[in-house]
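Open the model in your viewer and keep the selection panel at hand. This tour goes from stop to stop, saying what to pick and what is there.

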Amino acid sequence: MERTAPLAAIAAALRRERERMGISLAELARRAGIAKSTLSQLESGSGNPSVETLWAIAVVLDVPFSRLVDPVESPVRVIRAGEGLALASEHSPFTGTLLAACPPGARRDLHVITAEPGAAREAHAHIPGTTEHLLVTAGRWRAGPVGGEVELGVGDYARFPGDRPHTYQAVVAGCAAVLVMEYV
């Protein structure tokens with residue numbers, strides 16, 4: 001997939017949301033715990049964002065993750081398997097692809113996530129009121145709030161608070177799931 005267009009959309013969204021909050025690039029970087037140079041590259045469209053970096057920025061900006069990665073498009077949208085902007089974790093064999101952002105007035109995002117056995121994807125708390133819905137489509141996962149993780153197989157569904165630290169971990173090779181992020 002050609003990454004220039006998605007990176008340009010991410011760059012524009014970062015600038016828009018930062019300016020909406022009225023904070024400097026340096027201040028946003030400081031609050032998100034990332035280097036100013038990293039944020040500068042992302043806002044110029046030349047960076048290579050990780051899922052952790054974009055989540056940290058979204059939390060500081062108090063916006064759903066999707067607001068940073070989902071460009072405005074026509075009402076009909078098809079994303080073929082393997083397409084879409086897949087964002088990798090810096091710390092674990094995990095990727096997430098946003099499939100659908102929530103329209104204005106509604107607050108939910110739809111993702112496809114994949115993982116391989118290895119380190120757990122440790123997710124920080126998202127904005128207050130976030131609930132995560134996970135539907136396993138392949139493999140076995142261990143997921144949920146830290147200390148309350150559950151093991152899930154194909155067809156299993158779990159709902160858990162996303163506004164506190166939580167993890168995702170592949171138990172076997174080839175894990176995939178649908179993740180719905182619900183914001184209130």
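Select β4 and β9: the two strands run antiparallel and are joined by three bridges. Strands here are DSSP runs of E with at least two residues, helices are runs of H or I with at least four, and both are numbered from the N terminus. Two strands count as paired if DSSP finds at least two bridges between them. Within this stop, find R121, which stands opposite Y168 in β9.

This is a predicted model, where local features need pLDDT of at least 70 and side-chain atom pairs count only at pLDDT 80 or more, while totals for chains, interfaces and linings use all residues. Residues are numbered from 1 along each chain as its sequence is written, and side-chain values use heavy atoms, with hydrogens and water left out.

Check two positions: W141 stands opposite A170, and G144 has T167 as its bridge partner. Four of the five residues of β9 are buried (under 20% relative accessible area; exposed is over 50%, partly exposed in between; 1.4 Å probe, protein chains only).

Now show the whole sheet. It is open, with four strands in the order β4-β9-β6-β7 and antiparallel pairing. β4 (121–123) and β7 (150–152) are the edges; each has a single partner strand, so one side of each lacks a neighbour in the sheet.

Turn to the rings. Which residues form one aromatic cluster? Select F94, W141, F160 and Y168. Rings of Phe, Tyr and Trp (its six-membered ring) pair if their centres lie within 6.5 Å; planes under 30 degrees apart are stacked, over 60 edge-to-face, the rest tilted. The count by this rule is four aromatic pairs.

Jump to W55 and F65. This pair is stacked, at 4.2 Å centre to centre and 25° between the planes. W55 belongs to helix α4 (residues 51–61), whereas F65 is in the loop between α4 and α5 (66–69), ten residues apart. Both W55 and F65 are buried.

Return to W141 and Y168. Their pair is edge-to-face: 6.5 Å between centres, 85° between planes. W141 lies in β6 and Y168 in β9, so the pair ties together parts 27 residues apart in sequence.

Last, select R121 with F94. The charged end of R121 sits over the ring of F94, 5.5 Å from its centre (the rule: NZ of Lys or CZ of Arg within 6 Å of the ring centre and within 35 degrees of the ring normal).
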